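The exercises below are to be worked with the sequence and the three-dimensional model at hand.

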Amino acid sequence: MLCDACKKNEATYHTIRQYNGIKTETHLCSECRRKFVTGGKSDFANAFFSDFSSAFGTAKKKRVCRECGTTEEEFLNTGYVGCENCYKEFANLILPRVSQMQQGLIHVGKMPSVAASTVEGEYARLKAELKKAVDAEDYERAAKINLKLKKLKNESQGV
Amino acid sequence: MTENMKDSVISTRVRLARNLKGIPFPSKIGAGQANVVAGKVYEALGKGYKLYNIARLNESEAGALVEKHLISKELVASCPFGSVIVGDDETLSVMLNEEDHVREQVILSGLKLEEAYRLVDGLDDRIGENAQFAFSERLGYLTACPTNLGTGMRASVMMFLPALTITDTLMQSVNALGMLNIALRGVYGEGSDAIGFIYQISNRRTLGLTENDILGLVRTAVNHLSEAEERAREFLIATREISVKDEIMRAYGIAANAYRLSNQELIRYFAFIKLGAYYKLIPVKRVFALDELMTSLQPYNLISAADRPLNTPEERDVYRAECVREALKEIVG
């Protein structure tokens, strides 16, 4: 099977996605797949991230991350950020996309031991867990988390 | 776990993507910073692990690591500062400076999602003690691609689904998993071209759910596909008995007797031998032995394990056939 992007090389990377009964198949050779990964501008990458560009087409394309030099255009073309600061710099581009493809915008999983040990970190985590419990209508669990939150608040205020 | 699940599940892999705080991600990293990343991670693990700089490996050494799924093709092809840390038993590995600074992974044979997570979580704790990860309380672990934000976790199970593929009902079964947001990818080709009928099932979402949620979703998907595969196997033998039996016994006959065997043939024949084991047409003692054998017979692993130099594809095919003939005597009977 030939690569969808260059139509020359044998495709070695295959994906099938199916949403609501509509099946999309993508077959890429390693070169084109690489282009997509590292950000060489390919038709595939353009197509994949076209919703970024169209949704924010009117925005200025000149914003640059102060930390790593990644440009807005670079991010739009590749879908990759260059450093942690890019998430702040390009938040308005990234977050709408993330909320579409992820299950919400709040991390509820593991935390690094350093972050988890701060009161703020624990508070944020419990809040997220609370929201999840409420969404799942697990009120018993929500009440327990609420208690922990109150306790934490009191402790941090020295009461 | 039913007998059939043991056969339809090949292996479990759980990986966590991490980046170090204050260092640009690999697409923007310099050689010195890449060394800092590798140094910090290796220091955290130390004894029982080996560090390989990808640029210093020759083609077949790197290829063998790819075939064992310890590193990605991308790490070899286009990560100038890429390296990998491999645990002595080759269960745990950490790719460095690939798409993210750190990609911790555990591969276990069979369906062992919880165990694989427990191991990779422990590995992550050890690395996290020595290196501070880029982390935001809202978005979780910060990764080079937003598709990995949050937990940075991908739990994937490699499955053998011949009957769903042959009866053309795989997509129908996957479709039924719509709400779980599960990705399906052919390992040796796709759809009707999937010569080995081997697929990887993994979670698509990483943010907004816990690690346990992800393990649960993948487990549900795997159970569903295993049951669908079992039904499809019953249907297949009921509706196409003669042609299925013929295909299986021909595959076994050729694999056990051929003088030369290409890798493509190997993948195809082994798939039918496994199916033959399921239908009790071929007395295979250990199905997992077939999976292990298949990895060891992939081109680069074959070259590195051979007792003589294998310079041409033909020499490799002859040696592969020799290994298969010998191994089948052990595994079958």
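Helices (H or I, at least four residues) and strands (E, at least two) are DSSP runs, numbered from the N terminus. The model is a predicted one, in which local features need pLDDT of at least 70, side-chain atom pairs count only at pLDDT 80 or more, and totals for chains, interfaces and linings use all residues. Residues are numbered from 1 along each chain as its sequence is written, chains are lettered from A and ligands numbered from 1 in the order in which they are written, and side-chain values use heavy atoms, with hydrogens and water left out.

**Exercise 1. Describe the secondary structure and burial of chain A.**

Step 1. Chain A contains 9 helices and 2 strands. Along the sequence, their order is β-β-α-α-α-α-α-α-α-α-α.

Step 2. Burial is taken from relative accessible area: buried means under 20%, exposed over 50%, and partly exposed in between (1.4 Å probe, protein chains only). By this criterion, 40% of the 159 residues of chain A are buried.

Step 3. A contact means heavy atoms within 4.5 Å. Of the contacts in chain A between residues at least 6 apart in sequence, 30% join residues at least 24 apart.

**Exercise 2. Characterise the packing of α9(B) against α10(B).**

Step 1. Two packed helices are described by the angle between their axes and the distance between the axes. Axes are lines fitted to C-alpha atoms, for helices over the stretch in contact, and angles run from 0 to 180 degrees between N-to-C directions.

Step 2. Helix α9 (residues 241-257) of chain B and helix α10 (residues 263-278) of chain B meet at an angle of about 125 degrees, and their axes are 8 Å apart. The pair α9(B) and α10(B) is therefore oblique; angles under 35 degrees count as roughly parallel, over 145 as roughly antiparallel, 65 to 115 as roughly perpendicular and the rest as oblique.

Step 3. The crossing of α9(B) and α10(B) is left-handed. A crossing is left-handed if the near helix is turned anticlockwise from the far one by less than a right angle, and right-handed if clockwise.

Step 4. From α9(B), the contact draws on B:E247, B:I248, B:A251, B:Y252, B:I254 and B:A255, and from α10(B) on B:R268, B:Y269, B:F272, B:I273, B:L275 and B:G276. These residues comprise 9 nonpolar, 1 polar and 2 charged. Ala, Val, Leu, Ile, Met, Phe, Trp, Tyr, Cys and Pro count as nonpolar, Asp, Glu, Lys and Arg as charged, and the others, Gly among them, as polar.

**Exercise 3. Repeat the analysis for α11(B) and α13(B), and state what the buried residues of α11(B) pack against.**

Step 1. Helix α11 (residues 287-296) and helix α13 (residues 313-331), both of chain B, have axes that come within 11 Å and cross at roughly 165 degrees. Therefore α11(B) and α13(B) are roughly antiparallel, and their crossing is right-handed.

Step 2. B:A289, B:L290 and B:L293 of α11(B) touch B:A327, B:L328 and B:I331 of α13(B). This contact of α11(B) with α13(B) has 6 nonpolar residues, no polar and no charged ones.

Step 3. The buried residues in α11(B) include B:A289, B:L290, B:D291, B:L293 and B:M294. Their packing partners in chain B are β1 (9-18), β10 (198-203), α10 and α13.

**Exercise 4. Locate B:H69 and B:F197, and decide whether each is buried or partly exposed.**

Step 1. B:H69, although not a glycine, has a positive phi of about 60 degrees. B:H69 is found in the loop between α3 (59-67) and α4 (73-78) of chain B and is partly exposed, at 26% relative accessibility.

Step 2. B:F197 is likewise not a glycine and has a positive phi of about 55 degrees. B:F197 sits in the loop between β9 (182-186) and β10 of chain B and is buried, with a relative accessible area of 7%.
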